[in-house]
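Student: I've got this one open on my screen. Can we walk through it together?
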Amino acid sequence: MIERKAMGRASPLLLILLVLGFCFATYNLVTLIIHNRSVGKRTHDGSSGGIFFDPVIEMPEDAKKQKNAKIPFHVALTATDSPYSKWQCRIMYYWYKKKKDLPGSEMGGFTRILHSGNPDNLMDEIPTVVVDPLPAGLDRGYIVLNRPWAFVQWLEKTTIEEEYILMAEPDHIFVNPLPNLSHDGYPAAFPFFYIKPADNEKIIRKFYPEEKGPVTNIDPIGNSPVIIKKELLEKIAPTWMNVSLKMKDDQEADKTFGWVLEMYAYAVASALHGVKHILRKDFMLQPPWDLGIGKKFIIHYTYGCDYNLKGELMYGKIGEWRFDKRSHLRGPPPKNLPLPPPGVPESVVSLVKMVNEATANIPNWDTE
């Protein structure tokens with residue numbers, strides 16, 4: 001449960017220490033903030049430099065469910081006050097409420113972490129905590145750079161009763177009841193094919209020194225979706241923010257990582273603490289590339305879905321039928337979107353149907 005619905009501005013001293021100091025000081029400050037920690041016993045194989053016991057290897061089904069009681073997690077998503085962010089948050093929260101109490105769910109409370117610095121018109125609709133954005137100009141237009149700073153503030157100022165936290169995003173829809181996918185203290189994460197630490201070792205080494213271990217220690221993940229122990233996130237979050245700012249300051253890293261820079265920063269920050277994640281490909285599906293729903297838990301609608309009237313994918317082109325969240329940057333999509341033509345994959349059809357159900361039932365949908 002959330003003890004605060006909104007909070008005041010963060011401590012100026014904390015802001016100075018965690019943002020300005022990190023931005024201009026040497027990288028060694030990372031190790032002064034948080035020392036490298038491990039969430040479990042790990043044995044390094046000296047001959048290969050790899051990890052002998054590696055929790056990222058897909059675990060057998062019986063090992064995933066060796067628990068007798070529910071272990072609820074708190075759902076936390078960071079958001080802005082833009083119309084584009086608001087309508088996605090409203091749909092996300094609608095489906096959270098629909099799935100929360102179904103069999104198999106271990107979803108607990110919910111918080112939208114609003115990093116605009118000011119309350120907005122969704123405060124009464126969605127449980128929200130207001131935190132400050134980074135100082136003006138520090139994000140250089142890369143808005144998601146505010147995400148780690150938002151988590152730092154939220155974790156410092158807010159008390160939640162759940163031991164675990166799911167870091168989620170506005171463009172997530174819960175398509176099946178979500179259990180706590182973490183296991184024995186190891187956080188669970190979705191592996192992204194485009195996060196490739198080993199392919200970018202030269203850059204990664206600026207932020208993950210060789211004495212910390214092989215680059216393969218860094219998981220191919222972002223911060224979302226991740227289910228993680230609250231106490232672990234409290235340790236990782238300041239480092240995640242620090243690494244994000246340092247990467248943005250580094251021209252090579254900024255150019256190479258681009259819009260996924262903050263994802264790399266979370267992966268590196270976790271590795272600096274010796275934290276390994278269980279990689280769960282069933283955590284999420286991403287239309288139009290994932291065709292079916294199956295037993296996956298979250299639809300992530302980050303990619304545009306473009307098809308001709310024969311139901312053939314036209315990715316990279318404007319389709320005769322399309323659904324793309326970026327078509328609605330200035331306001332919410334209309335109710336009752338047309339369904340895709342016959343032959344379009346189940347994942348896309350389900351996405352549009354779920355958007356339509358939410359928009360039909362959320363009061364005052366057409367407001368911003």
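Student: Which residues in α5 meet α7?
Tutor: Arg-147, Pro-148, Trp-149, Phe-151, Val-152 and Leu-155. On the α7 side they meet Lys-230, Leu-233, Glu-234, Ala-237, Pro-238, Trp-240, Met-241 and Ser-244. Contact means heavy atoms within 4.5 Å.
Student: And by class, what's in that contact?
Tutor: 10 nonpolar, one polar and three charged residues. Ala, Val, Leu, Ile, Met, Phe, Trp, Tyr, Cys and Pro count as nonpolar; Asp, Glu, Lys and Arg as charged; the others, Gly among them, as polar.
Student: At what angle do α5 and α7 pack?
Tutor: About 145°, with the axes 8 Å apart. Axes are lines fitted to C-alpha atoms, for helices over the stretch in contact, and angles run from 0 to 180 degrees between N-to-C directions. α5 covers residues 146-157 and α7 covers 230-249. Helices (H or I, at least four residues) and strands (E, at least two) are DSSP runs, numbered from the N terminus.
Student: What should I know about the model itself?
Tutor: It is predicted: local features need pLDDT of at least 70, side-chain atom pairs count only at pLDDT 80 or more, and totals for chains, interfaces and linings use all residues. Residues are numbered from 1 along each chain as its sequence is written, and side-chain values use heavy atoms, leaving out hydrogens and water.
Student: New topic. Is β6 buried or exposed?
Tutor: Mostly covered: five of its five residues, 164-168, are buried. Buried means under 20% relative accessible area, exposed over 50%, partly exposed in between (1.4 Å probe, protein chains only).
Student: Which residues sit on each side of β6?
Tutor: Tyr-164, Leu-166 and Ala-168 are on one side, Ile-165 and Met-167 on the other.
Student: How many bridges join β6 to β3, and to β9?
Tutor: Five join β6 to β3 (73-79), running parallel. Four join β6 to β9 (226-229), running antiparallel. Two strands pair if DSSP finds at least two bridges between them. Phe-73 has Tyr-164 as its bridge partner, and Leu-166 stands opposite Ile-227.
Student: What's the strand order in the open sheet of three strands?
Tutor: β7-β12-β11, with mixed pairing. β7 (172-174) and β11 (284-285) are the edges, each with a single partner strand, so one side of each lacks a neighbour in the sheet.
Student: Which helix packs on that sheet?
Tutor: α10, residues 346-361. It touches β7, β11 and β12, and its direction makes about 90° with that of β7.
Student: Last one. How many disulfides?
Tutor: Zero in the whole structure. A disulfide here is a pair of cysteine sulfur atoms within 2.5 Å. Cys-89 is buried at 1% relative accessible area.
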